[in-house]
Amino acid sequence: MKRNKIIDDSKHHRLQQHKQCIAFHEAGHAAGIYLNNKARNLPPIFFQIIFKEISDMPDYDEYMSKGSHHDCVARVEGGRLIQSLPFSVDGLAHKLIDHNEAMAPLVKDYIKAFEADIINLLVGPLAEAKFIHNRDDELFNHQLVNLKSLENYGGGSDISLVREYIENFSASREQQDEKLHELFVLACDFVKAPLNWKAITELANYILDSDKAIISCEEVASVLQ
């Protein structure tokens with residue numbers, strides 16, 4: 001009986017830690033969409049955070065042991081400014097500007113939105129990474145946490161989307177890598193900024209306390225304001 005209680009307590013502890021990680025991950029995405037877009041003078045966009053209850057999952061231990069993470073438990077629906085990626089943003093920019101200079105401001109706005117989407121995708125796993133590093137009394141910066149390591153922080157699907165974006169940025173692999181590094185550093189700086197981290201933490205705590213299946217963008221805005 002005592003052994004079973006220890007096992008149950010251990011499972012409960014791991015479940016609570018996992019929920020905290022998910023809360024910070026999704027709070028990071030939402031804070032990026034709301035605060036980062038606002039800072040870049042981009043238009044507000046609809047999104048909501050959707051959660052699935054995992055407390056009663058009969059295969060929870062297998063779910064965790066296989067490294068399964070957030071995608072089937074929580075996700076942000078909406079929130080992306082770019083709905084359909086062009087073949088090449090770099091090519092699109094040159095083509096439109098070459099033919100009509102009046103289009104230049106529109107192209108710049110498009111690229112600004114394109115970059116914001118990538119940053120907001122990266123902010124989710126980076127927020128989770130910072131939460132874990134803080135919890136374990138470890139330093140957090142873009143030298144210690146790289147793009148590949150974000151897969152360890154629930155970022156598998158986020159990174160896949162980021163790579164889809166970046167492959168459409170330019171035909172040049174060198175330019176792709178340069179742009180991705182630039183945006184990764186910006187995403188890391190966003191998470192590290194004290195006011196942003198405070199906002200992410202408050203939203204994560206709201207997510208944990210509310211225990212809702214859906215949190216609307218209006219609720220996110222009320223917390224972050």
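Predicted model: local features only at pLDDT ≥ 70, side-chain atom pairs only at ≥ 80, totals over all residues.
**Exercise 1. Identify the largest nonpolar core and the elements that supply it.**

Solution. 
- Step 1. In soluble globular proteins, nonpolar side chains tend to be buried together.
- Step 2. The largest nonpolar core here holds 61 residues. L122, L126 and L150 have the most contacts inside it.
- Step 3. Look at the suppliers. At least two residues of this core come from each of α1, β1, α4 (104-135), α5, α6, α7 and α8 (217-224).
- Step 4. α4 gives the largest share of the core, 13 residues.
- Step 5. Take L122 and list its contacts, leaving out residues up to four places away in sequence. L122 touches L147, L150, V162, L183, F184 and A187.

**Exercise 2. Count the salt bridges, then describe the pairs R135–D136, R173–D177 and K179–E182.**

Solution. 
- Step 1. Side chains of opposite charge can pair when their charged atoms come close.
- Step 2. Set the cut-off: a side-chain nitrogen of Lys or Arg within 4 Å of a carboxyl oxygen of Asp or Glu. The count is nine salt bridges.
- Step 3. R135 pairs with D136, with 3.3 Å between the closest N and O atoms. R135 is partly exposed at 35% relative accessibility. D136 is partly exposed too, at 36%.
- Step 4. R173 pairs with D177 at 3.4 Å, N to O. Both lie in helix α6 (residues 173-192), four residues apart, which is about one turn. R173 is exposed at 58%, whereas D177 is partly exposed at 42%.
- Step 5. K179 pairs with E182 at 3.2 Å, N to O. They are three residues apart in α6, so about one helical turn separates them. K179 is buried at 11%, while E182 is partly exposed at 37%.
- Step 6. Follow the shared partners. Salt bridges join R40, E115, K179 and E182 into one network.

**Exercise 3. For N41 and D211, give the phi value, the location and the exposure.**

Solution. 
- Step 1. Note the background. Most residues other than glycine have a negative phi.
- Step 2. N41 has a positive phi, near 55°, and is not a glycine. N41 lies in the loop between α1 (2-39) and β1 (47-51).
- Step 3. Check exposure. N41 has a relative accessible area of 68% and is exposed.
- Step 4. D211 also has a positive phi, about 55°, without being a glycine. D211 sits in the loop between α7 (194-210) and β3 (214-216).
- Step 5. D211 is exposed, at 53% relative accessible area.

Note on methods: Residues numbered from 1 in each chain as written. Heavy atoms only, no water. Buried < 20%, exposed > 50% of the residue type's maximum accessible area, 1.4 Å probe, protein only. Core = buried A, V, L, I, M, F, W, Y, C linked by side-chain atoms within 4.5 Å. Contact = heavy atoms within 4.5 Å.
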